[in-house]
Amino acid sequence: MKSFKIKNFNFKDKLSHLSSRQALILSAIAGLAVFAFIYVYMTNMSLEGKRHATSDLVQVVAAATEIKDHEKITSNELKIISVPRDAVPAGAIKSTSDAIGRIAQSTIYSGDVITDSKLFADEKAAGFVGMIPPNCRAVTLAVNEVTGVGGFLKPGEYVDVTVVSNKSQSGTSGRLLMQDIKILAVNSNDKENAKKGTTQMSNITLAVEAKDVLPLITAAQSGVIYLSLRPMHPKDPFLLMTNYSLSKGASPDTPTDDAQADEKAPSPAAANVSAPPPAVRAVPQQPMPQPAAPAARPAKSSEGSVSVYQGTQESVVSL
């Protein structure tokens, strides 16, 4: 074997003269160098793979919880996840704002990527059921041109509901049942209106809270329901006066018995003010009267006589 020389330096000769300890140290250094080279190479390969994988990931919107059929989606039901670019379904929604408020066409399970095909484009596309708020029920009332604000009511507007009853013998009474109720639908008898040339409504559907459905239906059978249209920005959002009664023969300006009783009744502030204690005048103490001494009885006559007592009086009658 030929010796390899660099500037008259013979490696073979030097290696042959190394002790076992020096050879072991040299082998360890060579092993560490090889290990370091492999580690650096593998680390660079891993970083390159991660950069390549990250560049191929896409953030999309997924269901954080199960979303039921025909349910309006809220922010708490959504989350953002990353999926490989080649695994993104067609029409995937990439922003939560594009999904909040929309209605699911079918059940969307937790973790599923939300796509446009799984949601209705508009509440109206979900049908009439999609227009009912979750805490409400749809209730239809019969109205006419007078009780229905002259036919000016439209879906999406808000009304107050009042019932007026005159079945009582004492007079007519009215009660404000509900305030700020949303109109879901307005139905008119198109055929009848075409004949008469009018736009009168035949019924109207309201979104009523579940607890108010029974009182509303019962009131509709006991009196006449009137709807009052609310402005866009009312100065008095909620009215405090909810009951009114009018006795027979009385004008609307005449106060009812309840109103008169309210006028006569003292105000709560006056009732809470205690009256001042009455003045007390000292009266000099007088000695208690002593009982009168009994009158001395006259000496009885030795002759025949009779003593007669009348109360404390004594008289002697001679026989």
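In helix α4 (residues 213-222), V213, L216 and A219 are buried, where buried denotes under 20% relative accessible area, exposed over 50%, and partly exposed the range in between (1.4 Å probe, protein chains only). Viewed down the axis of α4, the buried residues fall within an arc of 135 degrees, so they line one face of the helix; the arc is that of the directions from the helix axis to the C-beta atoms. The exposed residues L214 and Q221 are carried on the face of α4 turned away from its buried side. Helices (H or I, at least four residues) and strands (E, at least two) are DSSP runs numbered from the N terminus. The model is predicted, with local features requiring pLDDT of at least 70 and side-chain atom pairs counted only at pLDDT 80 or more, whereas totals for chains, interfaces and linings use all residues. Residues are numbered from 1 along each chain as its sequence is written, and side-chain values use heavy atoms, with hydrogens and water left out.

The largest nonpolar core has 18 residues, of which V161, I204, L206, V208, L216 and L227 touch the most other members. Two or more residues are given to this core by each of β3 (136-142), β4, β5, β6 (201-209), α4 and β7. A nonpolar core is a set of buried Ala, Val, Leu, Ile, Met, Phe, Trp, Tyr and Cys residues joined through side-chain atoms within 4.5 Å. Leaving aside neighbours within four places in sequence, V161 is in contact (heavy atoms within 4.5 Å) with R175, L176, L177, M178, I181, L206, L216, I225, Y226 and L227.

R175 is placed in strand β5 (residues 171-188) and counts as partly exposed, at 41% relative accessibility. With neighbours within four places in sequence again left aside, R175 contacts V161, T162, V163, T242 and N243. R175 and A219 are 44 residues apart in sequence and 9.5 Å apart in space, C-alpha to C-alpha.

Salt bridges, defined by a side-chain nitrogen of Lys or Arg within 4 Å of a carboxyl oxygen of Asp or Glu, number 5 by this rule. R230 forms one with D160, the closest N and O atoms being 2.9 Å apart. R230 lies in the loop between β7 (224-229) and β8 (243-247) and D160 in strand β4 (residues 158-165), so the pair ties together parts that are 70 residues apart in sequence. R230 is buried, with a relative accessible area of 14%, and D160 is likewise buried, at 8%. A salt bridge also joins the side chains of R230 and D180 (3.5 Å, N to O). This pair links distant parts of the chain, R230 in the loop between β7 and β8 and D180 in strand β5, 50 residues apart. D180 is partly exposed, with a relative accessible area of 35%. The side chains of K211 and E209 meet in a salt bridge at 3.7 Å, N to O; K211 is exposed at 59% relative accessibility, and E209 is partly exposed at 33%. Through shared partners, salt bridges join D160, D180 and R230 into one network.
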